[in-house]
Amino acid sequence: MRLKLDSRAPVYVQVIRYFKEQIASGALEKGKEIPSRRELANTLKINPNTVQRAYKEMEELGLINTEGNLPSKVTKDDVIIRQVREGLLTEAIDTFVTSVQALQIPLEEVIPLLKESYEKERESGGI
Amino acid sequence: MIEVKDITKSFGRKKVLTGVSFTASKGEITCLIGVNGVGKTTVLNAIMGLTSTNSGEILIDGKKINKESYEKITFIPDTITMLPTMRIHDAFEFMNDFYQSWNEERAKELLTFFRLQGHERISDLSKGNKAKVNLLLGLALDVDYVLMDEPFSGIDIFSREQIADVFTSHLIEDRGVIITTHEIKDIEHLIDKVVLLDNGIILKEFNAEQVREEQGKSIIDVMREVFRT
């Protein structure tokens, strides 16, 4: 598990985002156990209180479930997983559209370039 | 909670601390940062009652330091205070004789954690390993609060990393930690609270996550603003 931290953004938000990406991409399968709070703090070299906060929030968002003293697990709820995926996708597209629109480039010109770039990334193993 | 309330300290005519106030909670890591000069160590000494103050008060869990609360805190100085001829296990014995709160099991666990051997002689250890033994002796005490004076100062990067690992381990548990440092790079994401001290005056006290969340600033950004003006 690797996470490059931005020192200007709240760490708990970055941890949640990391889990969302892992869940959306399927790298973290539904129902799978996630590291304990202390394990994660140790792996990422971050404050255990921060991890606690991230886990609490993920719990509230329904991303993870914890029963009693057992390790937390990724949700099995497909609706939630789909929402996470859609949320991340919308966010990525918004960012993309904003920067492309700022350049005043028409959509017709963008689409083939987008396809080309996407294929290239896939071939190089990026996607 | 440790509450430092408006303490002032002078050595002769020289004012070392002026109206210093801050709090440090249990289960949190509070970092006392000062770029230069005196003050940080004096604050820790004052909390321990090792140095008298001219005014103000310090409360540990709501009470002035007394024999009982003294047992709840330990101060880890920036250099090891054991005799160089001692082996690590001799130092353990010494601590055991001297401190009621000495926890031999935790000491052994820390020894493994730092990959050190009990038979090693302190004088033969590298600077980094000496720093680890120094820290270990303090952390092996069953206390609620740990004060560490410059635990990262003057040692190699791998030792620093190993020491930073202690903070995310169960070896710190729910204790309250106060660290003094002038360099926060290694521990930026580990600390809860930051207290900026310059020339004996507290310039700012803030929660690191809160500043990141509400102002989009890193600890270093805030330090730059505060210390440069």
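A residue counts as buried when its relative accessible area is under 20%, as exposed when that area is over 50%, and as partly exposed in between, using a 1.4 Å probe and protein chains only. The views show a predicted model, in which local features need pLDDT of at least 70 and side-chain atom pairs count only at pLDDT 80 or more, while totals for chains, interfaces and linings use all residues. Residues are numbered from 1 along each chain as its sequence is written, chains are lettered from A and ligands numbered from 1 in the order in which they are written, and side-chain values rest on heavy atoms, with hydrogens and water left out.

**View 1. Strand β8 of chain B, residues 176-181, and its buried faces.** Helices (H or I, at least four residues) and strands (E, at least two) are DSSP runs, numbered from the N terminus. In β8(B), 6 of the 6 residues are buried, so the strand is largely enclosed by the rest of the structure. In a regular strand the side chains alternate between the two faces of the sheet. Both faces of β8(B) are covered, with B:G176, B:I178 and B:T180 buried on one side and B:V177, B:I179 and B:T181 buried on the other.

**View 2. Pairing of β8(B) with β3 of chain B and with β7 of chain B.** Two strands are taken to pair if DSSP finds at least two bridges between them. Strand β3 (residues 29-33) runs parallel to β8(B) and is joined to it over 5 bridges, and B:I178 in β8(B) is the bridge partner of B:T30. Strand β7 (residues 145-149) also pairs with β8(B) in the parallel sense, over 5 bridges, and here B:L147 stands opposite B:I178.

**View 3. The open sheet β2-β1-β4-β5 of chain B.** Strands of a sheet pair through backbone hydrogen bonds, either parallel or antiparallel. In this sheet of 4 strands the pairing is antiparallel, and the edges are formed by β2 (14-24) and β5 (63-64), each of which pairs on one side only. Strand β4 (residues 55-60) is joined to β5(B) by 2 bridges, with B:K63 in β5(B) as the bridge partner of B:I60.

**View 4. B:K15 in strand β2 of chain B.** Not counting residues up to four places away in sequence, B:K15 touches B:T8, B:K9 and B:S10, where contact means heavy atoms within 4.5 Å. B:K15 and B:I88 are separated by 73 residues in sequence and, from C-alpha to C-alpha, by 39 Å in space.

**View 5. B:R115 in the loop between α4 (104-113) and α5 (127-139) of chain B.** Although B:R115 is not a glycine, its phi is positive at about 55°. B:R115 counts as exposed, because its relative accessibility is 70%.

View 6. The C-alpha atoms of chain B fill a box of roughly 50 × 40 × 30 Å along the principal axes, and buried residues make up 53% of the chain. Of the contacts in chain B between residues at least 6 apart in sequence, 70% join residues at least 24 apart.

**View 7. Chain A, which reads α-α-α-β-β-α-α along its sequence.** Chain A has a radius of gyration of 17 Å, well over the 14 Å that the globule rule gives for 127 residues, so the chain is more spread out than a compact globule. Its C-alpha atoms fill a box of roughly 55 × 35 × 30 Å along the principal axes, and 30% of the residues of chain A count as buried. Among contacts in chain A between residues at least 6 apart in sequence, 52% join residues at least 24 apart.

Note on methods:
The radius of gyration is taken over C-alpha atoms; the globule rule is 2.2 Å times the number of residues to the power 0.38.
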